[in-house]
Structure formats: structure tokens, C-alpha cells
Amino acid sequence: MSTLLPIAVSTRRMPAVTATAGQVQFPFTFPIVRPGDVRVRRTRGNVEAELAYGSDYTVWGVNEPAGGTVTLTAGSLAGDLIVVEGDAALDRLSSVAVNGRFSSRQIDQEFNLSLMRDQELRRDLDTLVASGGGTVPAHTHTSAEITDFGEAAQDAVANALVAGANVTISYDDAANTITIAST
């Protein structure tokens, strides 16, 4: 019998936390299936760095529906900004057949991982669309304008995919435009 790991609607990203001196633990509220399915970024001063799992931090909470905790191997400096977000690996966990028998637990885990990746892709695309590719400050648009544009872009992609077309999304940094094309 398989174990249910509910995957709620989530951006799979925690808000940035301003660390206190020596702080090492940072909770996250989304499930993961492997410890490496978490990415941790630290901004110290004006320098952002992606921390490495194993050497810079460890993770508790694998297969916990409520999430878990990232523990840094070295304490933070006061004022460090820490962001914890989902980063599910783009590989298969294993075969859905274990010892020659179908494993409902394994197929559930594969479905969970697929949904987690979908949520992370949507988060990253929404961030890209909302920021204009990182060159347009978010405050130049109202939240309603961003939502309308994001929904229009999602509809255009969905309609093209339903029609059986291949979809290409490109960003022109110089012109600050996003192009969605189908072939």
C-alpha cells in the first residue's frame, strides 16, 4: 500500500527571511521527496550566493507533508537574507516495478515529483512574466495587469499545446519583450 503525500497548491518558495546573528534553521512548508529537492540562496550585503546541499546545509523533512527545515552548517550573519525554495531534480527516482512487482508507492512518488516540478515551473514562469524577464521593476505594473498578462500567456501556451503545436517562449532582453510562438 502506498503512503499519501498530499501536494497542495504552492509556489514552493518561502519568503526571504532576514537572519539573526548565528541563525542556522530555516523552515519550509512544502513537501519534498529527496533532500536535494531544496535550493537555498543567501544574500549577504549585495552579493547573492546559492548554497550547496551537503556542504553548506542539510535538510530535514523528506516526505513530510508539512515541509521541513534547512539547517545551515555555519551560522548566518545578522542581516543575511535567506530564501528556501523547491528545486525538484529533473530525473526519475527509480523504476515503478520493485522486485518484478508494480509498486503503488513508487508510482505515487513519481506523480508527486511531477506535480512538484509543475508547481516550480509555474512559479518560475510567473516570476519571469511578472518581472518582464528581470529588467522591468515590478512596481511599474499593477498586480491586476500582471495577473491579466500572466493568465493570457498561460492561455496562449495551453491553447497551442491542446491544438498539438510545439510552443517556443523567448525573451528579447534588448526589446524587453516575451514572445510565445507555436509551430
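Q: Why is R39 called buried?
A: R39 has a relative accessible area of 17%, and buried means under 20% (exposed is over 50% and partly exposed lies in between, with a 1.4 Å probe and protein chains only). R39 is therefore classed as buried.

Q: What is the basis of these values?
A: This is a predicted model, in which local features need pLDDT of at least 70 and side-chain atom pairs count only at pLDDT 80 or more, while totals for chains, interfaces and linings use all residues. Residues are numbered from 1 along each chain as its sequence is written, and side-chain values use heavy atoms, with hydrogens and water left out.

Q: Where is R39 found, and which residues does R39 touch?
A: R39 belongs to strand 3 (residues 38–44); a strand is a DSSP run of E with at least two residues, a helix is a run of H or I with at least four, and both are numbered from the N terminus. With residues up to four places away in sequence not counted, R39 is in contact (heavy atoms within 4.5 Å) with E50, Y57, V83, V84, E85, G86, D87 and R123.

Q: Why is V24 called partly exposed?
A: The relative accessible area of V24 is 28%. V24 is located in the loop between strand 1 (17–18) and strand 2. It touches V70, T71, L72, A74 and G75, residues up to four places away in sequence not being counted. The C-alpha atoms of V24 and G75 are separated by 5.0 Å, although the two are 51 residues apart along the chain.

Q: What makes L90 exposed?
A: L90 has a relative accessible area of 80%, and so is exposed. Its place is the loop between strand 7 (81–86) and strand 8 (97–98). L90 and R117 are 27 residues apart in sequence and 7.9 Å apart in space, C-alpha to C-alpha.

Q: What makes a set of residues the largest nonpolar core?
A: A nonpolar core is a set of buried Ala, Val, Leu, Ile, Met, Phe, Trp, Tyr and Cys residues joined through side-chain atoms within 4.5 Å. The largest such core has 15 residues, and F28, V38, V40, V70, L72 and V84 have the most contacts inside it. Two or more residues of this core come from each of strand 2, strand 3, strand 5 (57–60), strand 6 (68–72) and strand 7. Another core, of five residues, lies apart from it and includes V33, A88, L113 and M116. In soluble globular proteins, nonpolar side chains tend to be buried together.

Q: How do you know that the lining of the largest cavity is nonpolar, polar or charged?
A: The lining consists of M14, P15, V17, F26, P27, I82, V83 and V84. Ala, Val, Leu, Ile, Met, Phe, Trp, Tyr, Cys and Pro count as nonpolar, Asp, Glu, Lys and Arg as charged, and the others, Gly among them, as polar. The lining therefore divides into eight nonpolar, no polar and no charged residues. Strand 7 supplies the largest share, three residues.

Q: How many helices and strands are there, and what share of the residues counts as buried?
A: The protein has two helices and 11 strands, in the order β-β-β-β-β-β-β-β-β-α-α-β-β along the sequence. Of its 183 residues, 29% count as buried.

Conventions:
On a 1 Å grid over the protein atoms alone, a cavity is a set of points where a 1.4 Å probe fits but cannot get out, and a pocket is an open set with protein on both sides within 12 Å along at least five of seven lines; lining residues have an atom within 4 Å of a point.
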